[in-house]
Amino acid sequence: MSELSSRALNAAHAATEPALPLRAHLQATLVYKARQQRRTLLVLALLLLLLMLMSLTQGAMSIDATEVIASLLGGVNNEPGSFAQQVIWDIRLPRVLLTAITGAGLAVCGAVMQGLCRNPLADPGLIGVSSGAALFAALVMVFDVGRFLPTPVQPVLISLAAFAGALLISQLVFRLAHTMLGLNTLLLILAGVAINALVGTLMGLLAFIADDGTLRLITFWSMGSYAGSNWTQVLLVALGVSAPLLLLWRYRTALTLMLGGEQDAQYLGVEVQQIKRLSLFCVALLTAVCVCFTGIVGFVGLVTPHICRLLSGPDLRSLIPLSALAGAILVTAADTLARIVIIPAELPVGLVTSMLGVPFFLYLLLQYRRGARHV
Amino acid sequence: MFKLSQVSVGCGDRARLRDVSLTIRQGSLTAVLGANGAGKSSLLSLLAGELQAAAGEVLFKQQPLAQWSSQQLATQRAFMLQQQRPVFDFLVLDYLLLARHAWLESQAQSLAYASELIQRLALQPLLEKPITRLSGGEWQRVQFARAWLQLVSPEGVGHAMLLLDEPTAALDIYQQRQFYQALQSFVAAGGTALVVLHDVNQAARVADQFILLQQGQLLAAGDAEHCFTQTNLCRCYQVAGQLQHDEQSGRRYFHF
């Protein structure tokens, strides 16, 4: 068709066809989807509450749900200081809250990392946060650093070391991935793999020189445990998690645009370098806060965003809240299981998240294999 | 739209563009031609604000390009990349709407522009598909629609510049024709477009302005009459060929 007639046709097109019905239809579709999403969020939130409530009833001493609720509401059936109330308020409630908060934090980290790396297999561990935390915690345990320090520091020493290690090692990875043009995502992945391997080696060395008791401690720490959660931890983690979470939430649209490639996002008006730097730092901080008291709870950051993406699509504006809730649910469920399967002992929670996560991940893999059209 | 005066990119032996001066007028459809390595993509990256000029000045709307913020620039120029599809399966409608990010407007407003364009480009059947499941031609159409949508202002696209890098390299001739019709309708709507092309005859069919590059230098720039000539094309591509005129359409055809 010649240029002229095509122009004429287009002009005619524009003049005759009103855009209104389509617009109304699309508007309705979007409104419907938004409502659907809100409903999903609501259902998950209710599920989380129920699960937390159930978790409060379970344990070495089983407590009635009604009693739990009454105790939470400061009800009349329990005179203050009763044993059940103490178990609920001093042991279980902080633990359940901590699982929910850290689960949410880790899952959001995963969602953001997978987006930033444009790789569905990325997780917060990739930037060296988890391995850094584990390494420094192990260092403290093996060399028994606590004996040089004043007594009040000793109980939080491992957490402090883990927190510092997480930030230090992730900063090292960021440094390695820095080029003249900014932070290079491919380099970031490679640097992460290299540094994780290095840290793994160092961990091996530490394991070699550690005595049996310490070795056991290290192993358990790297599988995570919520035993011994207390209100101070809950408070610190809640505070530490909120700032980076808010910042990531602020950048949700820009992060969504970056899913389509950094260059593309730049052309669409996103300050890519700035947002990448800030959100990676947020991820490092979030993960550090989440693992420093409890040890490494694996698989949450990897699997949760995947499950949620099936529900909401890749858009981080809906994926972030969804992942947060689903992560909280996954870890709370895992910790509850970890507590009750071999009463009075406990399983490491990381084992349970893996046990719940791996089958699902394999299922996703099989789905993908079915859909794959090339080698 | 753009005014380049004595622009160089890179320096010394590794200069990718040398001493290029040219103007791109509003409402034109310019084809950038040249052999491989002549600096076509560098010119495009330069105009997109991605490459910095080592010497000379790049003015976009009378203002140095470097002074534009990326958010401002995103409302004025779009770049249709020859890019891989994202691994994440956005639905086409959601993917299109992302283009309005820089405008800081309500969703209803974005949707109004989007639905008009969707109708114009007949994209309705694709809207609910994930972008990972589109065919090559469909993906190209969606990319184009998104680039266009990125530029729509209340006054249309008269203010805007669309940059395209080999947009039809992977398309069959039917889809190529469809694509260029869409591109021409963008220009007919007042937009300015600059497209890097390998196929000189395709360029002759669609473009009204030409930029010929040779080893990083400007060989010629202007309309078909002055620029799309046998001497220029033979020099530009280092081939012996003949320029023919098609009586019916009045178009030029380079036979080599």
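**Helix packing and the A–B contact**

In helix α9(A), seven positions named here are buried: A:Q233, A:V234, A:V237, A:V241, A:P244, A:L245 and A:L248. The model is predicted. The helix spans residues 231-250 of chain A and has 20 residues. From first C-alpha to last, α9(A) reaches 28 Å, close to the 28 Å expected at 1.5 Å a residue. An α-helix has 3.6 residues a turn, so residues three or four places apart point the same way. The cover over the buried residues of α9(A) includes α4 (83-116), α12 (272-292) and α14 (316-340) of chain A.

Two of these covering helices, α4(A) and α14(A), also pack against each other. Their axes come within 7 Å and cross at roughly 140°. On the α4(A) side, the contact is made by A:V96, A:T99, A:A100, A:T102, A:G103, A:A104, A:L106, A:A107, A:V108, A:G110, A:A111 and A:G115. The α14(A) side contributes A:L316, A:L319, A:I320, A:S323, A:A324, A:A326, A:G327, A:A328, A:L330, A:V331, A:T332 and A:D335. By class, this contact has 15 nonpolar, eight polar and one charged residues.

In chain B, a helix pair involves α4(B) and α5(B), the latter covering residues 136-151. The axes come within 10 Å and cross at roughly 140°. From α4(B), B:Y113, B:A114 and B:L117 meet B:A145, B:W148 and B:L149 of α5(B). The contact has six nonpolar residues, with no polar and no charged ones.

The contact between the chains also draws on α4(B). In total, 36 residues of chain B are in contact with 34 residues of chain A. On the side of chain B that touches chain A, the elements giving two or more residues are α2 (70-74), β6 (77-80), α3 (92-97), α4 (107-120) and α6 (173-188). The largest share, nine residues, comes from α4(B). By class, this side of chain B divides into 19 nonpolar, 13 polar and four charged residues.

Methods:
Residues numbered from 1 in each chain as written. Chains lettered and ligands numbered in written order. Predicted model: local features only at pLDDT ≥ 70, side-chain atom pairs only at ≥ 80, totals over all residues. Contact = placed C-beta atoms within 7 Å. Helix = DSSP H or I, 4+ residues; strand = E, 2+ residues; numbered from the N terminus. Nonpolar A, V, L, I, M, F, W, Y, C, P; charged D, E, K, R; others polar. Expected span 1.5 Å × (residues − 1). Buried ≥ 20, exposed ≤ 12 C-beta atoms within 10 Å, placed from the backbone. Axes fitted to C-alpha atoms, helices over the stretch in contact; angles between N-to-C directions.
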